[in-house]
Amino acid sequence: MIKALGLDKFLSLAQSLCIIDVRSPGEFAQGHIPNAINLPLLNNDERAIIGTTYKQLGKEMAVIKGFELVGHKFSDYIIKAKELAPNKKILIHCWRGGLRSNIMAWVLQTAGFKVQVLAGGYKTYRQWAINIFDQPRNVMILSGNTGTGKTDVLLTLLKNGEQIINLEGLANHKGSAFGALGMPPPPTNEQFENEVAWQWFHADPNRILWLEDESQNIGKTKIPDALYAIMRSAKVVKIAIPDEVRMMKLVKFYSQFDKNELKENTLKITKRLGHLRLQQSLDYLEHDDFENWVRMMLEYYDKAYLFGLSQRNQELLQEVDLSGEDMEADCKKLLNHVSMMAPKRM
């Protein structure tokens, strides 16, 4: 008998067992449970054929067509499952926890696997991911002007045992008009939400959870409304580093990119710069004058940042000066500062 699990039990076992998502590659690409592996019962074309058969000829003929399409692949599924789970213990899900997951579960169980299926399928996970932010967390927002190294600080905090959610890392975007430079393609918004929800769920509510200060849209992805509301009402630590260090970091980073690529991205903020400053900034790039180009970009970004910061509850905002050059020392200073901050009033 194939055992169906509720989501809570499924997620607890997902920490140690292989998760197989038997939906089509197209469905999987749109969004999936983090750490799941796609072993599709039907590929994209086969799924379309089944859908057409169901609409035109009914369920019985669709089932027959399904077995006709996949029956010869059962041995391949077993071989692949052995590679993925040598211990022969597997969690399986499809969209609703119905026919596809049960067929795959039956095939693998017949081959000696211990198989458990997610009741309600991926649809249940999606609903959970949308509502997960009702679970409270002790959020601390790391803020600071462009070039203060917020992401580097965040990753150093992680290395030193702190809890973080790297939203820009999950979005594959650094959160500005230039944020896609050097980054892989972004995930779908659905997958971004899935990943954020997964990390939120696994964070210890009794410890600080660090997130970087962000606009709600990070490139093409959007922070879930419920999470963004939490971020906007959380405590904020604004880090500041010497201006010369900030300039050095930014010039070093952006000068590695092709100047034509930088020009294309600069054009994205034409309305904000104005045509005169836009032309000046393009001229700086043309002559490889990255320092003056960065300085002009900061005129815009610093104003935008200060405006955003002014919209926050100033009682929840504190500032700490860092060197910007020694990440370990800076993180130690930051953590010492945070440990002395008054508890958040409820």
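Two strands are said to pair if DSSP finds at least two bridges between them, and the strands themselves (E, at least two residues), like the helices (H or I, at least four), are DSSP runs numbered from the N terminus. The structure is a predicted model, in which local features need pLDDT of at least 70, side-chain atom pairs count only at pLDDT 80 or more, and totals for chains, interfaces and linings use all residues. Residues are numbered from 1 along each chain as its sequence is written, and side-chain values use heavy atoms, with hydrogens and water left out.

**View 1. The open sheet of five strands, with the order E1-E5-E4-E2-E3 and parallel pairing.** Its edge strands are E1 (3-5) and E3 (37-38), each of which pairs on one side only. Strand E2 (residues 18-21) runs parallel to E4 and is joined to E4 by four bridges, while E2 and E3 pair in the parallel sense over two bridges. Asp21 stands opposite His93 in E4, and the bridge partner of Asp21 in E3 is Asn38.

**View 2. Strand E4 (residues 89-93), mostly covered.** Four of the five residues of E4 are buried, where buried means under 20% relative accessible area, exposed over 50%, and partly exposed in between (1.4 Å probe, protein chains only). E4 also pairs with strand E5 (residues 114-118) in the parallel sense, over four bridges, and within E5 the bridge partner of Leu91 is Gln116.

**View 3. Strand E8 (residues 208-212) and its pairing with E6 and E7.** E8 is mostly covered, with four of its five residues buried. Strand E6 (residues 138-143) runs parallel to E8 and is joined to E8 by five bridges, and Asn138 stands opposite Ile208 in E8. Strand E7 (residues 163-165) pairs with E8 in the parallel sense over three bridges, the bridge partner of Ile165 in E8 being Leu211.

**View 4. A patch of negative charge on the surface, where Asp243, Glu244, Glu325 and Asp326 gather.** Patches are made of residues with over 30% relative accessible area and no salt bridge, like charges being joined within 9 Å and nonpolar side chains (Val, Leu, Ile, Met, Phe, Trp, Tyr) within 5 Å; a salt bridge is a side-chain nitrogen of Lys or Arg within 4 Å of a carboxyl oxygen of Asp or Glu. Glu244 is found in helix H12 (residues 243-254), and Glu244 counts as exposed because its relative accessibility is 58%.

Notes:
Accessible areas come from the Shrake-Rupley method with a 1.4 Å probe; for residues, only the protein chains shown count as cover. Lys and Arg count as positive and Asp and Glu as negative; His and the chain ends are not counted. The place of a charge is taken as NZ of Lys, CZ of Arg, CG of Asp or CD of Glu.
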